[in-house]
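Trainee: Could we go through the contacts in this structure together? I would like to begin inside one chain and then turn to the chain pair.

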Amino acid sequence: MTKLRSFEKPTGFQDLPPQLTRKRRKIEEQIRQTFERWGYEEVVTPTLEFYDTVGKASAIPEQKMFKCMDHQGNTLVLRPDQTAPIARMMASVLKNEPLPQRLSYHGSVFRAQENEAGRNAEFYQSGVELIGQSSTEADAEVIALAVEALKSSRIESFQLAIGHVALLDGLIRERVEKEEDILRLKECLGQRNMVGFRHELRQLPISEKAKQELETIFCLRHEQAPLVQISQMTSSSQVLTAMDQIIETWNHLQAYGITSHLVLDFSLIGSIDYYTGVYFEGYSSNLGFSLLSGGRYDHLLASFGRPLPATGFALYMHRVMEASDLQVDQPQSVVLCYTPEKHEQAIKKAMMLRKQGQAVVLHRLDDSEDMGELTACFDQVIWCTDEEE
Amino acid sequence: MLTFAMPKGRIFKEALLLLEKAGFEIPDEFVKSSRKLTIALPEAGLSFFLAKPTDVPTYVEYGVADLGIVGKDVLLEEERDVYELLDLKISPCRLSVAGKPDWKPPLYPRVATKYPQIAERYFKEKGQQVEVIFLNGSVELAPIVGLADRIVDIISTGQTLKENGLVELEEITTITSRLIANRASYRMKSKRIMSLYERLSEVIQEGAPT
């Protein structure tokens with residue numbers, strides 16, 4: 001370990017210089033407005049939470065959490081996501097509010113990363129939760145809102161891939177008996193390891209037909225969703241219910257007029273054992289990483305003693321910023337140069353202009369100064385000197 | 001345009017051969033001269049660049065390459081977030097633990113390897129406490145000079161081990177090369193990737209030993 005140099009910061013944490021901060025604010029403002037227009041009210045959750053409550057309920061694995069201790073010896077975690085703290089709020093401060101609740105947030109979450117390169121430890125997320133509604137209308141609403149949010153952040157070419165975790169689970173469970181085999185297959189899909197999935201499948205003591213069916217649905221990309229194929233190969237009520245939900249959700253999304261941005265992919269799984277229904281991820285053509293993810297998580301709120309269905313999504317703002325075409329110009333600013341004896345007048349003038357919405361910087365004139373360098377930084381120069389009068 | 005990250009060295013020639021079998025015309029200059037690091041095939045809508053094998057998953061994860069060809073050993077070690085689409089069945093080898101023929105568990109077991117993550121995981125799962133020592137190459141040297149009592153490395157013919165008086169003690173897993181894809185490319189360029197996937201999988205089916 002070398003001695004820390006004064007400019008260093010912990011791995012995975014980022015400084016945002018003015019230009020980037022402006023861009024983030026601007027995009028966040030667009031997204032905030034979009035959320036507001038859809039009736040989602042913003043909440044703020046604490047940066048630190050108890051490990052035993054929020055930490056345990058979170059979809060984020062324990063080894064990825066930053067931990068510390070309070071003075072009573074309780075383990076605390078830096079908020080690993082926003083959904084678990086909001087679930088806790090639903091069971092406490094929002095206990096008596098009418099359902100459904102439409103909530104939104106803008107804030108940082110923290111994840112300790114094993115591999116450094118390009119993986120942030122703190123990242124800013126904007127997202128929504130729609131709590132207390134199990135209908136397919138709710139599933140469609142959050143997907144449509146995710147599309148709107150991407151549009152409002154000026155991301156030109158993007159796609160959301162939608163899966164259904166209960167459909168995936170049901171199709172596998174109908175064919176594979178042992179719990180450990182099911183888990184292994186799901187882990188392969190979770191890691192996007194199609195080679196591993198086919199390999200595990202081949203090892204299983206199940207019929208060739210069953211293997212073929214699972215491979216067809218999960219490993220091949222389809223021009224169109226393989227709904228007809230699935231309906232012909234299943235008698236599981238779980239799968240049939242999930243299919244109805246997918247079809248209904250899709251119909252609602254057609255009503256929103258956004259299906260050109262959507263594809264169905266039933267191999268998507270998200271965090272294993274967290275999502276319970278529809279799950280989705282968003283990508284744009286100019287960035288290699290996903291921009292958002294979300295879905296239905298009907299079991300989470302029960303761990304806070306208030307079982308309620310819920311769905312939502314989170315946008316990864318650092319990636320949205322990178323993918324966004326939004327141009328953010330430096331705000332117009334004026335420099336007001338004054339000689340010392342005119343200081344009071346200069347202040348008055350500046351205050352007046354600021355009231356009118358101008359950005360004004362006060363600058364005392366100095367004889368030795370290179371005025372060219374100074375004025376180049378500003379859009380306009382106003383003089384407040386003796387010579388002027 | 002689809003961009004391919006290709007691994008320099010061992011896998012490269014076999015990977016090119018596979019692409020040729022799948023109907024892509026690869027210019028000779030790319031095959032012969034390892035100095036040329038990039039090449040474009042505009043008619044096929046493909047471009048290639050050559051990278052160090054361990055870096056291939058990184059290029060693909062970041063999306064500067066849509067696709068990559070890389071050994072499973074690198075994927076296991078790097079754990080990058082990419083789609084593993086196809087087993088290309090080329091460059092087969094094993095990832096194994098090796099040591100001197102008369103190896104017995106010493107008091108302070110040390111394992112030298114280019115694959116520290118894989119080695120850590122493997123011995124942890126076996127319930128063995130070992131000290132893993134990372135080396136950049138010539139791993140076989142470690143037991144000879146006494147740096148470590150065992151090594152974890154890839155073995156294809158076993159010739160190098162033999163020449164250094166070592167034997168394979170345990171096989172960790174078998175390794176072949178894989179076609180990997182960036183997560184966003186897999187969505188946004190799905191048609192082109194799937195057509196390439198199909199062309200490659202046909203060639204692999206034909207050439208399969210079974």
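Mentor: The discussion below takes the domains of chain B and then the interface with chain A. Please keep in mind that this is a predicted model.

Trainee: Which domains does the assignment give for chain B?

Mentor: The assignment gives domain 1 as 2–91 + 176–206 and domain 2 as 93–174. Their C-alpha centres lie 29 Å apart.

Trainee: How many residues does each domain bring to the contact?

Mentor: Domain 1 of chain B contributes seven residues, and domain 2 of chain B contributes nine residues.

Trainee: And what area do domain 1 and domain 2 of chain B bury between them?

Mentor: They bury about 760 Å², with 50% of it on carbon and sulfur atoms. On the side of domain 1, Asp73(B), Leu76(B) and Glu77(B) supply 64% of the area buried against domain 2, more than any other three residues.

Trainee: How many salt bridges does the rule find across that domain interface?

Mentor: The rule finds one salt bridge there. Glu79(B) forms a salt bridge with Arg121(B), and the closest N and O atoms are 3.5 Å apart. Five residue pairs are also found in polar contact across the interface of the two domains.

Trainee: What classes of residue make up the domain 1 side?

Mentor: The side of domain 1 of chain B that touches domain 2 has four charged, two polar and one nonpolar residues.

Trainee: Changing topic: how many residues of chain B and of chain A take part in the contact between the chains?

Mentor: The contact takes 29 residues from chain A and 26 residues from chain B. The area buried between the two chains is about 2300 Å², and carbon and sulfur atoms give 47% of it.

Trainee: How many salt bridges are counted between the chains?

Mentor: The count is three salt bridges. In a salt bridge between the chains, Asp81(B) meets Arg192(A) at 3.7 Å, N to O. The polar contacts between chain B and chain A come to nine residue pairs.

Trainee: Which elements of chain B each supply at least two residues to the side touching chain A?

Mentor: They are α3 (56–62), α4 (72–78), β5 (83–87), α8 (183–188) and α9 (190–207). By class, that side of chain B has 12 charged, 10 nonpolar and four polar residues.

Conventions:
Residues numbered from 1 in each chain as written. Chains lettered and ligands numbered in written order. Predicted model: local features only at pLDDT ≥ 70, side-chain atom pairs only at ≥ 80, totals over all residues. Heavy atoms only, no water. Domains from an automatic or database assignment. Contact = heavy atoms within 4.5 Å. Buried area = accessible area lost by both parts, 1.4 Å probe. Salt bridge = Lys/Arg side-chain N within 4 Å of Asp/Glu carboxyl O. Polar contact = N/O pair within 3.5 Å; in protein donor to acceptor, adjacent residues only side chain to side chain. Nonpolar A, V, L, I, M, F, W, Y, C, P; charged D, E, K, R; others polar. Helix = DSSP H or I, 4+ residues; strand = E, 2+ residues; numbered from the N terminus.
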